[in-house]
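Biologist: I have a chain to go through with you. Can we put it up and start with the rings?
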Amino acid sequence: KEPTRHTVFRSLKVEMTDYVSVSNLIDVLSDITPIWRNMVYIAGDYWADEGKPIKSKEVCEKASKIFQVNATSFTVLVRALHESLEKQELAGCVVAISSTSADHGYTGAPIYAASKASLNRLVIDSASRYGKNLSVSAVAPGPVDTPMLAATPRDGKQEYVKETPTGKLSTPEDIAKATVYLLENPQINGVLLSVDGGRIVR
């Protein structure tokens, strides 16, 4: 929808691997938005580790941070939102941005894929646990036609196009439309909606 004269935009810098920073975000949201009801969790971190041995503390910490950004902080925010809505006897909606890589047997980024699989599990648990006042679902994009695709360990985007039944990659607009659809339909709860042109079924 078009912004109205009452719409307020504010940019906040948050370190998603730091609980204090995420907690401060919750406090700020509660202050500037007394009726905080909806959330799109788009925070994410990617690492093409290619299944290589983990042989240093730094690499191990990098793997842990992937899970913190892609899954743990999501749960911190969802539980805070549920608590707030429950106290006010209100209802809300959460959509997380996941990835179809969570369901692929082989991937060049197994730790990233595992973190998104964890996110999916947390989405389903939250949908079941908090469904009376909070609908929780996820959009799971396949390869999306963005500059980030160049960072994946594959031979260019044409390899992904060949694997996609529709013959084209999803766009950011496709992902946005799916996200809005879930936000506007609170009866849809606990759904992991793939937006990948049918690639996941091959």
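Biologist: How many aromatic pairs does a search of the whole structure find?
Modeller: The search gives 2 aromatic pairs. Keep in mind that this is a predicted model.
Biologist: Which elements do tyrosine 41 and phenylalanine 74 sit in?
Modeller: Tyrosine 41 is in strand 1 and phenylalanine 74 is in helix 2, 33 residues apart, and the pair links these distant parts of the chain.
Biologist: Tyrosine 41 and phenylalanine 74, buried or exposed?
Modeller: Both tyrosine 41 and phenylalanine 74 are buried.
Biologist: And what is the geometry of the pair of tyrosine 46 and tyrosine 112?
Modeller: Tyrosine 46 and tyrosine 112 are also edge-to-face, 4.8 Å centre to centre with 70 degrees between the planes. Tyrosine 46 lies in the loop between strand 1 and helix 2, while tyrosine 112 belongs to helix 3, so the pair ties together parts that are 66 residues apart in sequence.
Biologist: Where does tyrosine 112 fall, buried or exposed?
Modeller: Tyrosine 112 counts as buried, because its relative accessibility is 12% and the cut-off for buried is under 20%. Tyrosine 46 has a relative accessible area of 23%, so it is partly exposed.
Biologist: Staying with helix 3, how many residues does it have, and what is its reach?
Modeller: Helix 3 has 21 residues and reaches 30 Å from first C-alpha to last, close to the 30 Å expected. Its buried residues include Ile111, Leu119, Val123 and Tyr130.
Biologist: What covers the buried residues of helix 3?
Modeller: The cover includes helix 2, strand 2, strand 3 and strand 4.
Biologist: Now the core. Which residues touch the most other members of the largest nonpolar core?
Modeller: Phe74, Leu77, Val94 and Leu134 do, in a core of 24 residues. Helix 2 gives the most to this core, 7 residues.
Biologist: What is valine 94 in contact with, leaving aside neighbours within four places in sequence?
Modeller: Its contacts include Met39, Phe74, Val78, Leu81 and Leu134. Another core, of 9 residues, lies apart from the largest one; Val95, Val139, Ala178 and Val195 are among its members.
Biologist: And the whole chain: how many helices and strands?
Modeller: There are 5 helices and 4 strands, in the order α-β-α-β-α-β-α-α-β from the N terminus. Of the 202 residues, 38% count as buried. The chain exposes about 12,000 Å², with 53% of that from carbon and sulfur atoms.

Note on methods:
Residues numbered from 1 in each chain as written. Predicted model: local features only at pLDDT ≥ 70, side-chain atom pairs only at ≥ 80, totals over all residues. Heavy atoms only, no water. Core = buried A, V, L, I, M, F, W, Y, C linked by side-chain atoms within 4.5 Å. Buried < 20%, exposed > 50% of the residue type's maximum accessible area, 1.4 Å probe, protein only. Helix = DSSP H or I, 4+ residues; strand = E, 2+ residues; numbered from the N terminus. Contact = heavy atoms within 4.5 Å. Areas by Shrake-Rupley, 256 points an atom, 1.4 Å probe, with all protein chains shown as cover. Expected span 1.5 Å × (residues − 1). Phe/Tyr/Trp six-rings, centres within 6.5 Å; stacked < 30°, edge-to-face > 60°.
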